[in-house]
Amino acid sequence: MPSPADRKYSREHEWLKLDGESAIVGVTDYAQEQLGDVVYVDLPEPGTALTQFEKMGEIESVKAVSDLFTPVSGEVLEVNQQVVEKPELVNNDAHGAGWLLRVRLSDASELEKLLSPEEYDAFIAG
Amino acid sequence: MSTQILEKTLMELSHAGRVGVTLPESDVPRSAERPPAALLRDELPLPELSQLDVVRHFTRLSQLNWSIDTHMYPLGSCTMKLNPKVNDAIAATPAFAEAHPMQPAEDVQGALAVMHGLQRMLAEITGMDACSLAPLAGAQGELAAVLVIKAYLESIGEHRTTIVVPDSAHGTNPATASMAGFDVVAVKPQPDGDMDLDALRAALEEHGPTVAALMITLPSTLGLFDRNIVRIAEMVHAHGALMYGDGANLNAMLGQVKPGDLGFDAMHINLHKTFSQPHGGGGPGAGPIVVSARLAPFLPSPHVEQVDGRYALADPPHGIGRLGAFHGNFGVLLRAYAYIRSLGADGLRAISEAAVLNANYVQARLRGAYDLAHDRTCMHEVLFSGRRQKAHGAKTLDIAKRMIDYGYHPPTIYFPLVVDEALMIEPTESETKETLDAFCDAMLEIAREAETQPELLREAPHAAPLRRLDEATAARKPILRW
Amino acid sequence: MTTETQDATTPAAGPAAEAPAVQHPYIPLTDDDRAAMLATVGAASTADLFADIPAPHRLPALDLPDALSELELLQAMQALGANNRVATERACFLGAGAYRHFRPSIVEPLVMRGEFLTSYTPYQPEVSQGTLQTIFEFQSLVCALTGMDVANAGMYDGASALAEACLMACAVTGRRRIAVSDRVHPHWLDVVRGYARGRGIAVDALPHGEFTLTGEHACLAVAQPDFFGRVSADAGVWGEAAHAAGALFVVAADPVSLGLYRAPADYGADVVVAEGQALGVPLSYGGPYVGMFACRERFIRQMPGRIVGQTADLDGRRGYVLTLQTREQHIRRERATSNICTSQQLIALATAVHLAALGPRGLRRVAELCYEKAHYAAAALDALPGYAVERDEPFFHEFVVRTPRPPAEINRALMERGIIGGLDVSDLLRHRMLLCVTEMNTRAEIDALATALEELA
């Protein structure tokens, strides 16, 4: 299935969707499939400053732990508490209810460094 | 759906008022000095069971386990060999079991003689100069040896901060390096499984004077004897770094080669693998370390020394200190000592020969059915990849679970991480040819099933006390106590 | 060679000629097995299988004692054991971190069942429920004793558990300095220092009771009872001091004392560690023992060591699995919470069987017997000319006695009278001996000790 057209993607398998003044960030459906059953997410507190492509947290499956990298620089506005309490939402709906963070972008030009849905689908097709 | 239970917990079996053992009344007058009431507890929520309830509970639980005593247990890198009962009998002897660790040396000369003898025998077997029995487990032995190396380097004014580790290494290696305050640099093996000398050279050159040691397992975690090992040691030493050997696979080398002769400076030994200490469901083990002469002054405390025919505990002059409250896992050391004494030099050499022959026999019999990670003579364990079966729809995990239906404990799977769908089989020297043949027949049958009925594997085990367990829910919503 | 000889006269043939001439019971392959297997492998001899080893280093001389038959081995070990003077036939008043307690007869046979003894880490939960459930029960029992929320499957011993607790406090607080009471067992303090040194963490051994912490301290670690056996009523104050500094309060407890005394959770502990040996584990000259490690629930992801959790199988049947494994070395490698990959499981099992046999009333009775007999002994010794018991603080089952002569001299004389005396602590306190009295010591033994000490004054 093609990746949703309404957002941008990183090579580290995060997606970013603009939503008014801010953006929502999550991991892609492809990433959750690779991870297997997600059991824990460790996300930055609201107010944390993020730098594009640097580590922002961790996501754990039963037998693996992966770093999460922020697709953009900015400030964390909100953490999806539902996904903290029910990490399986990442598996069930990675592009929807399984979103991770709401971020205020500090530099909109950074979006140009992200992939389009077509580019991302080609990237994961390898 | 009501939850079915294999065995109730102790707390579920508890019934207020029952007791499992009697205790005496006090034979001294009650002290007039009472403990302050503020210090006393009012509740102690422990289970209350009759003696038979306790016996049946733990007996039934034991019967839910598979073990060496009941099943072939070819768990790669774990050396699940015969655990001789005579060693247990010796460890239970009151003369040893009732020795108090703080007794003066003059009153525990027997225990100290065992430790001194084991120090000497382990140094001899590995070709090293000195031995410490203090580490309480393999991982702690690693930590101790790396701290010894660090202390030695500091003593000669070298501040080195990096340890090079093959990426096929056991996870304890990088975790240990990190606990000892080192950065870790990983190097990949070349396609034939030996270390990539160019990659090693590049790592040594890039990190040059900061490299403290190379941590390497020999035979490697791929089950192979690295043919360049002498060259590797020369390269490492040329950079002023030391050679650290992870002794997990020592069983393959007993009497065949001494790591000290190959240039190793330090090594830990897993007594619960090579030297037959029972694994106990995950401990106790012991992780003695052996080192070359230049590292000996830095060994942990205590060290057993012999002076004028008497044994005593001593602190090495520049030692890294204690690793545990006392002198090491003496009961484990005692079993290892007895094991070596029961085999002698010829017996130990026969162990490694049989262990290596058995692994190569399994390799030969399964070669056509499973992909080999490296098709060459293996040492004491053989590493397959389940990638062919995965293409048919049965992953390595499924193969492992299906083995349970055939009555074999699964091998080590998904380790080392560098081999796709890894399946690592270590038969050990303890199995008969008949058992190996039956095991290989089962593996061949499973390979056929993987092609024809992969769902049979995916749903396995069918004949175990439980079917597959939900590990995701266990981790998402941890229930860690009653 | 003195091994079994039934095959010694059989001439070995062909490629198997290099095999040992005698059959060892630990190695079942016979000459005909070897020949058939080598043919399958396609090797001319087992020596060919070792061709990857550099030739100059092959088959080195091995200077080891000759092999012993099982009978000879038992005789040799018995001879060595005869050089130990142990408590079996003597009265023992030695404690100091390892304690002689009554072990109910059911403990050993259950623990030594081959299915427990010879299994490994329960990587395959479908065929390891016995080990997994006993770990779950051990965790639950440790929580019950300490009053804490969660416990792990066990650490190497109490000392390394304390060291790991201090390192965990550093990880939790992001601080790099540890405060430890100087009345923690000196060996334990050494272990803490060793673990901390590796990570470049500073250790301050503070005078007991005078705990001035700064914002740099990750934790305050105390022993209750302390090394000299004293149980302090001020522990709650220390906990408050630790928390006021933003540090964790780590308590090293004696598990038998917890049959009588308040659970450390009740006076503010964030982490509780203990040496489990006192619960059904033989002295065995210092090991193997098991460290107990328990903490508040909010620290579970920083907890070191193995943890078992309850879950269900595909058919909804209750079962147990290793869980929260992403903390551990085999997954997180250099970023793991610790490098530990064992849990002293068999020893943890012994403590669980022991506690199940004793129950709450049994453990309380053991603790009371220790208390009464230790206080009886302290009063008797205090009355002796030349001796004085230090009783400025309440104690449990160990106490310090000032002796009229060097304790080492006294201990040698006691041994001649069939008594294992207390620990000579002269290196810490001049002419002092640390004595331990448990339920194992009869009134007659204590009276004999007093009589002997009086004669030795």
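Where in chain B is B:S77 found? I looked this up before anything else. B:S77 sits in the loop between α2 (51-62) and α3 (85-92) of chain B. Helices (H or I, at least four residues) and strands (E, at least two) are DSSP runs, numbered from the N terminus.

**Ground rules.** I am working from a predicted model, in which local features need pLDDT of at least 70 and side-chain atom pairs count only at pLDDT 80 or more, while totals for chains, interfaces and linings use all residues. Residues are numbered from 1 along each chain as its sequence is written, and chains are lettered from A and ligands numbered from 1 in the order in which they are written.

Entry: I read phi of B:S77 as near 75 degrees, a positive value in a residue other than glycine. B:S77 counts as buried because it has 22 C-beta neighbours inside 10 Å. The cut-offs I use are 20 or more other C-beta atoms within 10 Å of a residue's own for buried, 12 or fewer for exposed, and partly exposed in between, with C-beta atoms placed from the backbone.

I noted a positive phi at C:S284 too, about 45 degrees, and this residue is not a glycine. C:S284 lies in the loop between β7 (271-275) and β8 (291-295) of chain C. With 27 other C-beta atoms within 10 Å, C:S284 is buried.

I then checked for cis peptide bonds in chain B. One joins B:L218 and B:P219, with omega about -15 degrees. I placed B:P219 in the loop between β4 (211-217) and α9 (229-238) of chain B. A cis peptide bond also joins B:F415 and B:P416, where omega is about -5 degrees. I found B:P416 in the loop between β12 (412-413) and β13 (422-425) of chain B. For context, most residues other than glycine have a negative phi, and most peptide bonds are trans.

**Entry: sheet in chain A.** I traced an open sheet of six strands in chain A, in the order β1-β2-β3-β9-β8-β5, with antiparallel pairing. Its edge strands are β1 (8-9) and β5 (49-50) of chain A, each pairing on one side only. Two strands pair if DSSP finds at least two bridges between them. Two bridges join β5(A) to β8 (residues 74-79) of chain A, and these strands run antiparallel. Opposite A:A49 I found A:E75 in β8(A).

**Entry: helix packing.** In chain B I looked at α6 (residues 138-155) and α7 (residues 172-179), which pack at an angle of about 45 degrees with their axes 9 Å apart. That angle makes α6(B) oblique to α7(B). Axes are lines fitted to C-alpha atoms, for helices over the stretch in contact, and angles run from 0 to 180 degrees between N-to-C directions. Angles under 35 degrees count as roughly parallel, over 145 as roughly antiparallel, 65 to 115 as roughly perpendicular and the rest as oblique.

I listed B:A139, B:E142, B:L143 and B:V146 on the α6(B) side of this contact, and B:T172, B:N173, B:T176, B:A177 and B:M179 on the α7(B) side. Contact here means that the C-beta atoms of two residues, placed from the backbone, lie within 7 Å.

I noted B:L357, B:N360, B:Y361, B:A364 and B:R365 of α10(B) meeting C:R34, C:M37, C:T40 and C:V41 of α1(C).

Entry: I counted twelve helices and 15 strands in chain C. Its C-alpha trace spans about 80 × 55 × 50 Å along the principal axes. Of the 457 residues in chain C, 62% are buried.

I found 168 residues of chain C in contact with 172 residues of chain B. Helix α10 (residues 345-382) of chain C gives the most to that side, with 22 residues. The contact between chain C and chain A takes four residues from each.

**Entry: B:A475.** B:A475 is buried, with 26 other C-beta atoms within 10 Å. Leaving aside neighbours within four places in sequence, B:A475 is in contact with A:V39, A:Y40, A:V62, C:T323 and C:L324.
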